[in-house]
Amino acid sequence: MTLPVNENPRCTFAIISHPDAGKTTMTEKLLWFGRVVREAGMVKSKQGNYAKSDWMEMEKERGISITSSVMSFPYNQRAMHLLDTPGHKDFSEDTYRTLTAVESVLMMIDSAKGVEEQTKKLMEVCRLRDTPIVTFMNKFDRDAMDPFELIDNVEKICSIQCVPMTWPVGSGVDFKGVYDIKTKTIRSFDEGNDPESEKILDASDLQSAEVLDYIGTELAEKLKEDLEMIQEMMPEFIEEEFLAGIMTPVFFGTALHNFGVKETLDMISTHGPGPAPREVRLSPFDENSDLREVLPNEKKFSGFIFKIQANMDKKHRDRVAFMRVCSGVFERNTKIHHVRTGKDIKIASPLIFQAQDREITEKAYPGDIIGLHDTGKFQIGDTFTHGEKIEFTGIPSFAPEIFRKVLLKDPMKAKQLDKGLQQLSEEGTVQLFRRHTSPEKILGAVGVLQFEVVKHRLEDEYGVRGEYEGYGFVGVRWLKFKNDIQKDKFIEKNSINIVYDNKGRPCFAVRSEWDLKLVMEKNEEVEFFTTSDFKKSH
(Lines give C-alpha, C1' and ligand atoms only; values in the text may rest on other atoms or scores of the structure.)
Protein backbone atom coordinates (compact mmCIF):
# COMPACT_ATOMS: atom_id res chain seq x y z
CA MET A 1 0.00 0.00 0.00
CA THR A 2 1.61 3.29 -1.04
CA LEU A 3 0.63 6.24 1.11
CA PRO A 4 1.52 9.81 0.14
CA VAL A 5 4.77 11.17 1.53
CA ASN A 6 5.16 13.54 4.42
CA GLU A 7 4.36 16.80 2.58
CA ASN A 8 0.69 15.77 2.54
CA PRO A 9 -0.78 15.95 6.01
CA ARG A 10 -2.48 12.86 7.36
CA CYS A 11 -6.22 12.87 7.89
CA THR A 12 -6.99 10.64 10.88
CA PHE A 13 -10.72 10.19 11.51
CA ALA A 14 -13.29 7.81 13.03
CA ILE A 15 -16.95 7.01 12.42
CA ILE A 16 -19.42 7.27 15.29
CA SER A 17 -22.96 5.94 15.15
CA HIS A 18 -25.69 4.03 16.93
CA PRO A 19 -25.96 0.30 16.12
CA ASP A 20 -27.50 -0.43 12.71
CA ALA A 21 -27.08 3.12 11.42
CA GLY A 22 -24.96 1.64 8.60
CA LYS A 23 -21.46 2.35 9.88
CA THR A 24 -19.86 -0.89 8.68
CA THR A 25 -21.39 -0.43 5.22
CA MET A 26 -20.09 3.15 5.14
CA THR A 27 -16.60 1.96 6.17
CA GLU A 28 -16.63 -0.55 3.34
CA LYS A 29 -17.73 2.09 0.79
CA LEU A 30 -15.08 4.60 1.95
CA LEU A 31 -12.44 1.89 1.47
CA TRP A 32 -13.96 1.18 -1.92
CA PHE A 33 -13.71 4.80 -3.05
CA GLY A 34 -10.17 4.73 -1.62
CA ARG A 35 -9.48 1.72 -3.92
CA VAL A 36 -8.69 -0.61 -1.01
CA VAL A 37 -11.65 -2.99 -1.24
CA ARG A 38 -12.36 -4.34 -4.72
CA GLU A 39 -15.76 -5.86 -4.10
CA ALA A 40 -18.26 -5.44 -1.34
CA GLY A 41 -20.34 -8.13 0.32
CA MET A 42 -23.34 -7.53 2.53
CA VAL A 43 -22.02 -7.01 6.04
CA LYS A 44 -24.09 -9.69 7.72
CA SER A 45 -23.77 -12.32 5.02
CA LYS A 46 -22.47 -15.64 6.28
CA GLN A 47 -20.63 -16.44 3.10
CA GLY A 48 -18.57 -14.33 0.73
CA ASN A 49 -16.68 -11.27 1.90
CA TYR A 50 -17.07 -9.90 5.37
CA ALA A 51 -16.54 -6.19 5.70
CA LYS A 52 -12.79 -5.86 6.09
CA SER A 53 -13.07 -3.96 9.37
CA ASP A 54 -14.88 -6.78 11.21
CA TRP A 55 -12.34 -9.53 11.66
CA MET A 56 -12.82 -11.07 15.08
CA GLU A 57 -14.77 -14.35 15.30
CA MET A 58 -17.43 -12.85 17.56
CA GLU A 59 -17.90 -10.01 15.08
CA LYS A 60 -18.34 -12.38 12.17
CA GLU A 61 -20.96 -14.33 14.10
CA ARG A 62 -22.92 -11.22 15.03
CA GLY A 63 -22.31 -8.99 11.99
CA ILE A 64 -21.15 -6.16 14.26
CA SER A 65 -17.89 -4.33 14.94
CA ILE A 66 -16.49 -5.15 18.39
CA THR A 67 -12.87 -4.07 18.17
CA SER A 68 -11.52 -0.85 16.74
CA SER A 69 -9.27 -1.59 13.81
CA VAL A 70 -7.37 0.81 11.57
CA MET A 71 -7.63 1.21 7.81
CA SER A 72 -5.26 3.40 5.81
CA PHE A 73 -5.76 4.48 2.21
CA PRO A 74 -4.62 7.32 -0.06
CA TYR A 75 -7.31 9.77 -1.26
CA ASN A 76 -7.19 13.31 -2.68
CA GLN A 77 -3.41 13.50 -2.15
CA ARG A 78 -3.76 12.71 1.55
CA ALA A 79 -3.02 9.66 3.65
CA MET A 80 -6.41 8.82 5.14
CA HIS A 81 -6.48 6.81 8.36
CA LEU A 82 -9.94 5.54 9.29
CA LEU A 83 -10.23 4.20 12.83
CA ASP A 84 -13.19 1.89 13.14
CA THR A 85 -15.12 2.30 16.42
CA PRO A 86 -17.50 -0.40 17.66
CA GLY A 87 -21.11 0.71 17.29
CA HIS A 88 -22.99 -2.04 19.13
CA LYS A 89 -25.12 -0.95 22.08
CA ASP A 90 -22.86 -3.01 24.32
CA PHE A 91 -19.83 -1.18 23.05
CA SER A 92 -16.69 -0.71 25.08
CA GLU A 93 -14.31 1.86 26.42
CA ASP A 94 -12.18 1.06 23.39
CA THR A 95 -14.74 3.06 21.39
CA TYR A 96 -14.24 6.11 23.59
CA ARG A 97 -10.46 5.79 23.61
CA THR A 98 -10.17 5.52 19.83
CA LEU A 99 -11.69 9.02 19.64
CA THR A 100 -8.65 10.37 21.52
CA ALA A 101 -6.41 9.35 18.58
CA VAL A 102 -8.33 11.12 15.79
CA GLU A 103 -8.58 14.70 14.50
CA SER A 104 -12.11 14.53 13.11
CA VAL A 105 -15.23 12.38 13.18
CA LEU A 106 -17.90 11.24 10.73
CA MET A 107 -21.24 10.97 12.54
CA MET A 108 -23.71 8.56 10.93
CA ILE A 109 -27.43 9.04 11.59
CA ASP A 110 -30.22 6.61 10.64
CA SER A 111 -32.63 8.94 8.80
CA ALA A 112 -35.70 7.11 10.04
CA LYS A 113 -34.68 7.45 13.71
CA GLY A 114 -32.60 10.60 14.15
CA VAL A 115 -29.95 10.86 16.89
CA GLU A 116 -29.95 7.79 19.15
CA GLU A 117 -28.52 7.00 22.59
CA GLN A 118 -25.12 5.66 21.54
CA THR A 119 -24.41 8.65 19.30
CA LYS A 120 -25.19 11.02 22.18
CA LYS A 121 -22.61 9.25 24.42
CA LEU A 122 -19.95 9.36 21.70
CA MET A 123 -20.68 13.05 21.02
CA GLU A 124 -19.91 13.77 24.70
CA VAL A 125 -16.45 12.24 24.23
CA CYS A 126 -15.90 14.33 21.07
CA ARG A 127 -16.89 17.40 23.09
CA LEU A 128 -13.97 16.78 25.51
CA ARG A 129 -11.60 17.73 22.67
CA ASP A 130 -13.88 19.92 20.48
CA THR A 131 -13.47 17.40 17.65
CA PRO A 132 -14.71 18.59 14.21
CA ILE A 133 -17.72 16.55 13.04
CA VAL A 134 -19.05 15.77 9.54
CA THR A 135 -22.62 14.38 9.54
CA PHE A 136 -24.09 11.78 7.16
CA MET A 137 -27.87 11.16 7.16
CA ASN A 138 -28.02 7.55 5.99
CA LYS A 139 -30.68 5.22 4.52
CA PHE A 140 -32.64 7.69 2.39
CA ASP A 141 -33.48 4.76 0.12
CA ARG A 142 -35.91 3.76 2.89
CA ASP A 143 -38.67 5.75 4.58
CA ALA A 144 -36.99 8.67 6.34
CA MET A 145 -37.85 11.65 8.50
CA ASP A 146 -38.22 15.00 6.74
CA PRO A 147 -34.69 16.38 6.14
CA PHE A 148 -35.50 19.66 7.94
CA GLU A 149 -36.81 17.66 10.92
CA LEU A 150 -33.58 15.61 10.95
CA ILE A 151 -31.45 18.75 10.99
CA ASP A 152 -33.55 20.16 13.85
CA ASN A 153 -33.17 16.85 15.72
CA VAL A 154 -29.34 16.89 15.42
CA GLU A 155 -29.09 20.57 16.39
CA LYS A 156 -31.22 20.13 19.52
CA ILE A 157 -29.75 16.86 20.81
CA CYS A 158 -26.10 17.43 19.85
CA SER A 159 -26.00 21.22 20.41
CA ILE A 160 -24.25 21.76 17.08
CA GLN A 161 -25.16 23.96 14.12
CA CYS A 162 -25.98 22.07 10.91
CA VAL A 163 -25.15 23.27 7.39
CA PRO A 164 -26.58 21.11 4.57
CA MET A 165 -24.01 20.52 1.81
CA THR A 166 -26.24 18.13 -0.17
CA TRP A 167 -30.00 17.56 -0.18
CA PRO A 168 -32.01 14.39 -0.79
CA VAL A 169 -34.18 14.14 -3.87
CA GLY A 170 -37.13 12.11 -2.57
CA SER A 171 -36.91 9.23 -0.08
CA GLY A 172 -37.86 5.55 0.16
CA VAL A 173 -39.04 4.13 -3.18
CA ASP A 174 -39.03 7.65 -4.66
CA PHE A 175 -35.38 8.33 -3.74
CA LYS A 176 -33.53 9.58 -6.83
CA GLY A 177 -30.20 10.69 -5.40
CA VAL A 178 -28.67 13.78 -3.81
CA TYR A 179 -28.42 17.36 -5.01
CA ASP A 180 -25.05 19.00 -4.39
CA ILE A 181 -25.86 22.54 -3.20
CA LYS A 182 -22.47 24.03 -4.15
CA THR A 183 -22.06 22.51 -7.63
CA LYS A 184 -25.82 22.38 -8.42
CA THR A 185 -25.52 18.83 -9.69
CA ILE A 186 -27.28 15.53 -9.00
CA ARG A 187 -25.09 12.46 -8.79
CA SER A 188 -26.75 9.17 -9.69
CA PHE A 189 -25.69 5.55 -10.16
CA ASP A 190 -26.82 3.11 -12.84
CA GLU A 191 -25.52 0.16 -10.87
CA GLY A 192 -25.81 0.49 -7.09
CA ASN A 193 -22.89 -1.91 -6.78
CA ASP A 194 -20.30 0.06 -8.71
CA PRO A 195 -18.91 3.43 -7.56
CA GLU A 196 -17.40 3.88 -11.04
CA SER A 197 -20.83 3.99 -12.67
CA GLU A 198 -21.82 7.46 -11.47
CA LYS A 199 -23.55 9.98 -13.72
CA ILE A 200 -23.36 13.67 -12.89
CA LEU A 201 -26.43 15.60 -13.96
CA ASP A 202 -26.31 19.39 -14.37
CA ALA A 203 -29.20 20.59 -12.16
CA SER A 204 -28.53 24.34 -12.24
CA ASP A 205 -31.92 24.59 -14.03
CA LEU A 206 -34.41 22.38 -12.18
CA GLN A 207 -36.87 22.80 -15.03
CA SER A 208 -34.49 21.45 -17.70
CA ALA A 209 -35.77 18.48 -19.72
CA GLU A 210 -32.90 16.29 -18.47
CA VAL A 211 -33.66 16.99 -14.79
CA LEU A 212 -37.43 16.57 -15.18
CA ASP A 213 -36.89 13.36 -17.12
CA TYR A 214 -34.78 11.97 -14.27
CA ILE A 215 -36.62 13.14 -11.11
CA GLY A 216 -40.11 14.10 -12.36
CA THR A 217 -42.10 17.33 -11.95
CA GLU A 218 -43.26 16.70 -8.37
CA LEU A 219 -39.79 16.08 -6.94
CA ALA A 220 -38.36 19.01 -8.94
CA GLU A 221 -40.98 21.34 -7.37
CA LYS A 222 -40.29 19.99 -3.86
CA LEU A 223 -36.51 20.36 -4.36
CA LYS A 224 -36.95 23.96 -5.56
CA GLU A 225 -39.01 24.85 -2.45
CA ASP A 226 -36.53 23.11 -0.12
CA LEU A 227 -33.55 24.91 -1.67
CA GLU A 228 -35.28 28.28 -1.26
CA MET A 229 -35.88 27.49 2.43
CA ILE A 230 -32.23 26.44 2.87
CA GLN A 231 -31.07 29.73 1.36
CA GLU A 232 -33.31 31.73 3.70
CA MET A 233 -32.89 29.74 6.92
CA MET A 234 -29.55 27.95 6.92
CA PRO A 235 -26.14 29.49 7.65
CA GLU A 236 -23.16 29.34 5.29
CA PHE A 237 -20.41 26.80 5.97
CA ILE A 238 -17.63 28.49 7.99
CA GLU A 239 -14.45 26.41 8.17
CA GLU A 240 -13.25 27.92 11.48
CA GLU A 241 -16.56 26.98 13.16
CA PHE A 242 -16.33 23.44 11.77
CA LEU A 243 -12.74 23.09 13.05
CA ALA A 244 -13.84 24.38 16.48
CA GLY A 245 -16.49 21.63 16.68
CA ILE A 246 -19.48 24.01 16.75
CA MET A 247 -20.74 23.59 13.17
CA THR A 248 -21.23 20.39 11.19
CA PRO A 249 -21.55 20.05 7.39
CA VAL A 250 -24.47 17.68 6.66
CA PHE A 251 -24.69 15.16 3.81
CA PHE A 252 -27.68 12.99 2.87
CA GLY A 253 -27.75 9.67 1.05
CA THR A 254 -27.52 5.91 1.34
CA ALA A 255 -24.18 4.22 2.00
CA LEU A 256 -25.51 0.90 0.70
CA HIS A 257 -26.03 2.30 -2.81
CA ASN A 258 -23.13 4.84 -2.74
CA PHE A 259 -25.33 7.96 -2.82
CA GLY A 260 -23.68 10.81 -0.92
CA VAL A 261 -20.60 8.78 0.09
CA LYS A 262 -18.10 10.39 -2.29
CA GLU A 263 -19.24 13.92 -1.40
CA THR A 264 -18.77 13.09 2.30
CA LEU A 265 -15.31 11.62 1.72
CA ASP A 266 -14.36 14.68 -0.37
CA MET A 267 -15.37 16.94 2.53
CA ILE A 268 -13.36 14.95 5.10
CA SER A 269 -10.29 14.82 2.85
CA THR A 270 -10.37 18.51 1.88
CA HIS A 271 -11.51 20.11 5.16
CA GLY A 272 -10.59 17.49 7.78
CA PRO A 273 -7.75 18.88 9.92
CA GLY A 274 -4.27 17.40 9.84
CA PRO A 275 -2.33 16.48 13.01
CA ALA A 276 -2.96 18.92 15.85
CA PRO A 277 -0.78 19.96 18.81
CA ARG A 278 -1.11 17.61 21.82
CA GLU A 279 -0.79 18.35 25.51
CA VAL A 280 1.87 16.54 27.53
CA ARG A 281 2.73 16.37 31.22
CA LEU A 282 6.33 16.84 32.28
CA SER A 283 8.02 14.62 34.87
CA PRO A 284 7.10 13.65 37.67
CA PHE A 285 3.72 12.97 35.95
CA ASP A 286 1.24 13.81 38.67
CA GLU A 287 -1.65 16.29 38.80
CA ASN A 288 0.76 19.09 39.79
CA SER A 289 3.12 18.51 36.83
CA ASP A 290 3.87 21.30 34.38
CA LEU A 291 2.20 20.97 30.97
CA ARG A 292 3.39 21.82 27.47
CA GLU A 293 2.16 21.33 23.91
CA VAL A 294 3.90 19.01 21.47
CA LEU A 295 3.61 20.39 17.94
CA PRO A 296 3.43 17.95 14.99
CA ASN A 297 6.28 19.77 13.19
CA GLU A 298 8.77 19.33 16.08
CA LYS A 299 11.89 17.51 14.91
CA LYS A 300 11.93 14.96 17.74
CA PHE A 301 9.67 11.93 17.50
CA SER A 302 6.86 11.32 20.00
CA GLY A 303 3.79 9.06 20.10
CA PHE A 304 1.40 7.26 22.45
CA ILE A 305 -0.40 3.91 22.70
CA PHE A 306 -4.19 4.28 22.55
CA LYS A 307 -5.18 0.66 21.98
CA ILE A 308 -3.81 -2.84 22.48
CA GLN A 309 -5.27 -5.76 20.58
CA ALA A 310 -4.43 -9.39 21.27
CA ASN A 311 -4.75 -12.29 18.87
CA MET A 312 -5.24 -10.31 15.67
CA ASP A 313 -3.66 -13.31 14.00
CA LYS A 314 -4.83 -16.50 15.72
CA LYS A 315 -2.03 -18.57 14.16
CA HIS A 316 0.62 -16.44 15.85
CA ARG A 317 -1.21 -15.63 19.12
CA ASP A 318 0.14 -12.10 18.84
CA ARG A 319 -0.56 -8.87 20.63
CA VAL A 320 -0.30 -5.53 18.81
CA ALA A 321 -0.10 -2.08 20.42
CA PHE A 322 -1.50 0.74 18.27
CA MET A 323 0.62 3.86 18.43
CA ARG A 324 -0.41 7.29 17.24
CA VAL A 325 2.58 9.33 15.98
CA CYS A 326 2.33 12.93 17.26
CA SER A 327 5.60 14.64 16.23
CA GLY A 328 8.82 14.09 14.30
CA VAL A 329 9.45 10.98 12.22
CA PHE A 330 9.32 7.40 13.46
CA GLU A 331 11.94 5.22 11.71
CA ARG A 332 12.12 1.47 11.70
CA ASN A 333 15.08 -0.02 13.64
CA THR A 334 15.86 3.32 15.32
CA LYS A 335 15.90 3.34 19.12
CA ILE A 336 12.96 5.02 20.85
CA HIS A 337 12.53 5.76 24.55
CA HIS A 338 9.71 4.02 26.47
CA VAL A 339 9.02 6.71 29.07
CA ARG A 340 7.16 4.58 31.67
CA THR A 341 9.91 1.95 31.96
CA GLY A 342 12.81 4.29 31.17
CA LYS A 343 14.14 1.81 28.60
CA ASP A 344 15.26 2.37 25.01
CA ILE A 345 13.80 -0.10 22.54
CA LYS A 346 14.21 -0.85 18.86
CA ILE A 347 11.13 -1.60 16.74
CA ALA A 348 12.12 -4.05 14.01
CA SER A 349 8.77 -4.54 12.29
CA PRO A 350 6.36 -1.59 12.72
CA LEU A 351 3.07 -2.26 10.94
CA ILE A 352 0.55 -0.25 8.96
CA PHE A 353 -2.93 -1.70 8.60
CA GLN A 354 -5.87 -2.30 6.45
CA ALA A 355 -8.02 -4.25 8.91
CA GLN A 356 -6.44 -7.74 9.08
CA ASP A 357 -4.02 -7.01 6.28
CA ARG A 358 -0.80 -5.49 7.53
CA GLU A 359 2.60 -4.64 6.17
CA ILE A 360 5.89 -3.38 7.58
CA THR A 361 6.55 0.32 7.18
CA GLU A 362 9.98 2.02 7.18
CA LYS A 363 8.77 5.43 8.38
CA ALA A 364 5.74 7.01 10.00
CA TYR A 365 4.77 10.67 10.28
CA PRO A 366 2.51 12.71 12.61
CA GLY A 367 -1.07 11.47 12.29
CA ASP A 368 -0.01 7.95 11.25
CA ILE A 369 -1.16 4.93 13.25
CA ILE A 370 1.37 2.11 13.47
CA GLY A 371 1.30 -1.28 15.14
CA LEU A 372 4.06 -2.47 17.45
CA HIS A 373 4.45 -6.16 18.26
CA ASP A 374 3.96 -6.44 21.99
CA THR A 375 5.05 -9.23 24.31
CA GLY A 376 3.14 -7.70 27.23
CA LYS A 377 5.46 -4.74 27.88
CA PHE A 378 3.15 -1.98 26.69
CA GLN A 379 0.10 -0.38 28.31
CA ILE A 380 -2.64 2.01 27.20
CA GLY A 381 -1.34 5.59 27.43
CA ASP A 382 2.37 4.66 27.20
CA THR A 383 4.41 7.48 25.67
CA PHE A 384 7.43 7.01 23.36
CA THR A 385 9.98 9.75 22.56
CA HIS A 386 13.54 10.34 21.41
CA GLY A 387 14.57 10.68 25.05
CA GLU A 388 12.35 13.45 26.44
CA LYS A 389 10.49 12.54 29.67
CA ILE A 390 6.92 13.50 28.82
CA GLU A 391 3.54 11.82 29.10
CA PHE A 392 0.58 12.52 26.78
CA THR A 393 -2.61 13.58 28.54
CA GLY A 394 -6.14 12.91 27.35
CA ILE A 395 -5.96 9.09 27.04
CA PRO A 396 -8.10 8.39 30.09
CA SER A 397 -10.04 5.47 31.46
CA PHE A 398 -13.75 6.30 31.48
CA ALA A 399 -15.97 5.55 34.47
CA PRO A 400 -17.40 2.02 34.04
CA GLU A 401 -21.13 1.54 34.54
CA ILE A 402 -21.29 -2.25 34.91
CA PHE A 403 -19.35 -4.40 37.38
CA ARG A 404 -18.76 -8.15 37.74
CA LYS A 405 -16.66 -10.43 39.89
CA VAL A 406 -15.24 -13.70 38.56
CA LEU A 407 -15.90 -16.91 40.48
CA LEU A 408 -13.40 -19.57 39.43
CA LYS A 409 -14.72 -23.02 38.58
CA ASP A 410 -11.24 -24.48 39.11
CA PRO A 411 -9.37 -22.88 42.07
CA MET A 412 -6.08 -24.29 40.69
CA LYS A 413 -6.37 -21.73 37.87
CA ALA A 414 -6.09 -18.68 40.16
CA LYS A 415 -2.65 -17.72 38.76
CA GLN A 416 -3.85 -17.95 35.14
CA LEU A 417 -6.87 -15.83 36.08
CA ASP A 418 -4.67 -13.14 37.67
CA LYS A 419 -2.36 -13.11 34.66
CA GLY A 420 -5.28 -12.99 32.21
CA LEU A 421 -7.11 -10.20 34.03
CA GLN A 422 -3.91 -8.17 34.38
CA GLN A 423 -3.19 -8.48 30.66
CA LEU A 424 -6.79 -7.78 29.59
CA SER A 425 -6.91 -4.69 31.80
CA GLU A 426 -3.59 -3.42 30.40
CA GLU A 427 -5.04 -3.88 26.91
CA GLY A 428 -8.05 -1.83 27.95
CA THR A 429 -10.48 -4.72 27.34
CA VAL A 430 -11.84 -4.29 30.85
CA GLN A 431 -10.93 -2.25 33.95
CA LEU A 432 -9.66 -4.03 37.03
CA PHE A 433 -10.37 -2.73 40.56
CA ARG A 434 -9.30 -4.01 43.96
CA ARG A 435 -11.46 -3.49 47.06
CA HIS A 436 -9.98 -1.52 49.98
CA THR A 437 -11.55 -3.84 52.54
CA SER A 438 -10.64 -7.18 50.91
CA PRO A 439 -8.32 -8.62 48.22
CA GLU A 440 -11.40 -9.14 46.01
CA LYS A 441 -10.97 -8.15 42.34
CA ILE A 442 -13.79 -6.49 40.47
CA LEU A 443 -14.11 -5.99 36.71
CA GLY A 444 -15.59 -2.74 35.45
CA ALA A 445 -16.82 -2.03 31.93
CA VAL A 446 -18.72 0.56 29.92
CA GLY A 447 -20.75 -2.12 28.09
CA VAL A 448 -21.88 -5.70 28.78
CA LEU A 449 -20.20 -6.97 25.63
CA GLN A 450 -16.80 -6.30 27.22
CA PHE A 451 -17.50 -9.10 29.72
CA GLU A 452 -18.40 -11.47 26.89
CA VAL A 453 -15.07 -10.69 25.25
CA VAL A 454 -13.25 -11.22 28.59
CA LYS A 455 -15.03 -14.55 29.18
CA HIS A 456 -14.30 -15.71 25.61
CA ARG A 457 -10.63 -14.74 25.81
CA LEU A 458 -10.00 -16.08 29.33
CA GLU A 459 -11.34 -19.47 28.18
CA ASP A 460 -9.65 -19.38 24.78
CA GLU A 461 -6.21 -18.02 25.73
CA TYR A 462 -5.77 -18.86 29.42
CA GLY A 463 -7.96 -21.96 29.85
CA VAL A 464 -9.86 -20.22 32.67
CA ARG A 465 -13.57 -20.95 33.06
CA GLY A 466 -15.55 -18.90 35.52
CA GLU A 467 -18.95 -17.66 36.62
CA TYR A 468 -19.51 -13.91 36.31
CA GLU A 469 -21.58 -12.43 39.08
CA GLY A 470 -23.09 -8.94 39.03
CA TYR A 471 -21.78 -6.40 41.53
CA GLY A 472 -23.80 -3.68 43.21
CA PHE A 473 -21.91 -0.67 41.86
CA VAL A 474 -23.23 1.62 39.11
CA GLY A 475 -20.11 3.72 38.57
CA VAL A 476 -16.79 4.93 39.94
CA ARG A 477 -15.31 8.39 40.42
CA TRP A 478 -11.61 9.14 40.50
CA LEU A 479 -10.70 11.34 43.47
CA LYS A 480 -8.48 14.38 43.90
CA PHE A 481 -7.49 15.47 47.40
CA LYS A 482 -5.93 18.65 48.74
CA ASN A 483 -3.42 16.67 50.85
CA ASP A 484 -2.65 13.24 52.33
CA ILE A 485 -4.44 13.96 55.63
CA GLN A 486 -7.68 14.68 53.75
CA LYS A 487 -7.10 11.57 51.60
CA ASP A 488 -6.53 9.22 54.56
CA LYS A 489 -9.53 10.62 56.42
CA PHE A 490 -11.82 10.20 53.40
CA ILE A 491 -10.66 6.61 52.75
CA GLU A 492 -11.14 5.67 56.40
CA LYS A 493 -14.67 7.10 56.52
CA ASN A 494 -15.76 5.57 53.19
CA SER A 495 -13.69 2.37 53.22
CA ILE A 496 -16.59 0.16 52.10
CA ASN A 497 -16.91 2.23 48.90
CA ILE A 498 -13.19 2.58 48.16
CA VAL A 499 -11.60 0.63 45.30
CA TYR A 500 -8.17 1.03 43.70
CA ASP A 501 -7.63 1.14 39.94
CA ASN A 502 -4.81 -0.59 38.07
CA LYS A 503 -2.41 2.26 38.93
CA GLY A 504 -3.27 1.98 42.63
CA ARG A 505 -5.26 5.24 42.67
CA PRO A 506 -8.21 5.38 45.10
CA CYS A 507 -11.69 5.68 43.57
CA PHE A 508 -15.13 6.04 45.08
CA ALA A 509 -17.35 3.13 43.97
CA VAL A 510 -20.90 4.44 43.46
CA ARG A 511 -23.84 2.32 44.64
CA SER A 512 -26.49 4.85 43.57
CA GLU A 513 -26.66 8.43 42.33
CA TRP A 514 -28.13 9.42 45.70
CA ASP A 515 -25.16 7.78 47.43
CA LEU A 516 -22.77 9.83 45.29
CA LYS A 517 -24.66 13.09 45.80
CA LEU A 518 -24.58 12.60 49.56
CA VAL A 519 -20.83 11.89 49.76
CA MET A 520 -20.06 14.88 47.48
CA GLU A 521 -22.13 17.19 49.68
CA LYS A 522 -20.36 15.94 52.83
CA ASN A 523 -16.90 16.31 51.23
CA GLU A 524 -17.04 19.56 49.28
CA GLU A 525 -13.26 19.92 49.12
CA VAL A 526 -12.73 16.50 47.52
CA GLU A 527 -13.03 16.51 43.72
CA PHE A 528 -14.84 13.68 41.90
CA PHE A 529 -14.05 12.86 38.24
CA THR A 530 -15.63 10.58 35.60
CA THR A 531 -12.33 10.11 33.75
CA SER A 532 -8.98 8.96 35.08
CA ASP A 533 -7.11 12.00 33.77
CA PHE A 534 -9.17 14.30 36.02
CA LYS A 535 -10.42 16.30 33.04
CA LYS A 536 -14.19 16.00 33.39
CA SER A 537 -15.82 16.32 36.78
CA HIS A 538 -19.19 14.82 37.67
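1. Basis. This is a predicted model, with local features needing pLDDT of at least 70, side-chain atom pairs counting only at pLDDT 80 or more, and totals for chains, interfaces and linings using all residues. Residues are numbered from 1 along each chain as its sequence is written, and side-chain values use heavy atoms, without hydrogens and water.

2. Helix pair. The axes of H9 (residues 414–426) and H10 (residues 449–462) come within 10 Å and cross at roughly 125°. Axes are lines fitted to C-alpha atoms over the stretch in contact, with angles from 0 to 180 degrees between N-to-C directions. Helices are DSSP runs of H or I, at least four residues; strands are runs of E, at least two.

3. Their contact. From H9 come Gln-416, Leu-417, Gly-420, Leu-421, Gln-423 and Leu-424; from H10, Val-454, Arg-457, Leu-458 and Tyr-462. Contact means heavy atoms within 4.5 Å.

4. Ser-104. This residue sits in strand S4 (residues 104–110). Ser-104 counts as buried at 3% relative accessibility (buried is under 20% relative accessible area, exposed over 50%, partly exposed in between, with a 1.4 Å probe and protein chains only). Beyond four places in sequence, Ser-104 touches residues including Thr-12, Phe-13, Thr-131 and Gly-272.

5. Cysteines. The structure has zero disulfides (pairs of cysteine sulfur atoms within 2.5 Å). For Cys-126, the nearest cysteine sulfur is that of Cys-158, 9.6 Å away. The sulfur of Cys-158 lies 7.8 Å from that of Cys-162, too far for a bond. Cys-126 is buried at 2%, and Cys-158 is buried at 5%.
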